[in-house]
Amino acid sequence: MSYENIKVETRGAVGVIVLNRPQALNALCTPLIRELGQALDGFEADDAIGAVVLTGGEKAFAAGADIKEMQPKDHMDVYLQDFISDGWERITTCRKPVIAAVSGFALGGGCEMAMMCDFILADETAKFGQPEISIGTIPGAGGTQRLPRYVGKSKAMEMVLTGRMMDAEEAERAGLVSRILPKAELLDEAVKVAGRIAGLSRPSVLMAKESVNQAYETGLAEGIRFERRLFHSTFGTEDQKEGMAAFIEKRKPAFKNR
């Protein structure tokens, strides 16, 4: 399939999606979101793909939602269209892990999109922020909800109310970013990490992701019960038998994703 706003490739068992509107600093428009959903659907359906990397350009992962697209809309336009809801949350419904590789600006919708991924790797130029307040609105793609869960109420409230940007080092200290990498190594390292995940037992990876995400939806006792049942269910997989046998026999496991 050909795309106008993204680039898509595979690297071994890893799917790579590159946001590609450089003239607009990868501003997130409706056609781009639609294409992103199609690419994710394709990788989800492809049994050869075990994980996905989402990245942008050197100057910007994504500098925000496309303000030129939004500016003419009124309340009834966005309400009746359910603007942003349609397709924007597709990343969050992916069962396979999605890693954000962020270079440059991840602002507004770009920051929100990065937070939808399972974790964020960034280079030293990365800057994160929710500057919507400066143009008379508020975050609308999860910024007021996900950012406090990552960095805590005080820092999130300051960023949302002032529009202040957070650099890569602060983002790592705050827990928004998993690791900071040299700019030249960012994409290759993200693909390497995704490849490692893709080489593990697919059922166990899916269950592990589901269980960690459940921590944000339930209380501790209910979350522990959810985790325990998934843990028990791994004992019904061929991969668990192979993985433990390989450990005892001191060899590399040959997972079958079953």
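Start by selecting α10, residues 202–214, one of the helices (DSSP runs of H or I with at least four residues, numbered from the N terminus, as are strands, runs of E with at least two). Its buried residues are Arg202, Pro203, Val205, Leu206, Met207, Lys209 and Ser211; buried means under 20% relative accessible area, exposed means over 50%, and partly exposed is in between, using a 1.4 Å probe and protein chains only. Before you go on, note that this is a predicted model, in which local features need pLDDT of at least 70 and side-chain atom pairs count only at pLDDT 80 or more, while totals for chains, interfaces and linings use all residues. Residues are numbered from 1 along each chain as its sequence is written, and side-chain values use heavy atoms, with hydrogens and water left out.

Try the distance tool on α10. At 1.5 Å a residue, its 13 residues should span 18 Å, and its end C-alpha atoms are 18 Å apart, which agrees. The expected span is 1.5 Å times one less than the number of residues. What do the buried residues of α10 pack against? Show β5, α9 (186–198), α11 and α12.

Next, select α12, residues 238–249. Here Asp239, Gln240, Glu242 and Ala246 are buried. Look down the axis of α12: the buried residues fall within an arc of 165 degrees, so they line one face of the helix. That arc is taken from the directions from the helix axis to the C-beta atoms. Turn to the face pointing away from the buried side and you'll find the exposed residues Ile248 and Glu249. The cover over the buried residues of α12 includes α10 and α11 (220–234).

Now jump to β5, residues 98–102. Why call β5 largely enclosed by the rest of the structure? Because five of its five residues are buried. Val98, Ala100 and Val102 sit on one side, with Ile99 and Ala101 on the other, and both faces are covered.

β3 (residues 51–55) pairs with β5 in the parallel sense over four bridges, and Leu54 stands opposite Ala100. β7 (residues 119–123) also runs parallel to β5, joined to it by four bridges, with Ala122 in β7 as the bridge partner of Val102.

Last stop: Ser103, in the loop between β5 and β6 (105–107). Is Ser103 buried or exposed? Ser103 is buried, with a relative accessible area of 7%. Its side chain makes a polar contact with the side chain of Lys183 at 2.7 Å and reaches the backbone oxygen of Glu58 at 3.2 Å. A polar contact is a pair of N or O atoms within 3.5 Å; within protein, one must be able to donate a hydrogen and the other to accept it, and residues adjacent in sequence count only if both atoms are side-chain atoms.

Definitions and conventions
Contact = heavy atoms within 4.5 Å. Pairing = 2+ DSSP bridges.
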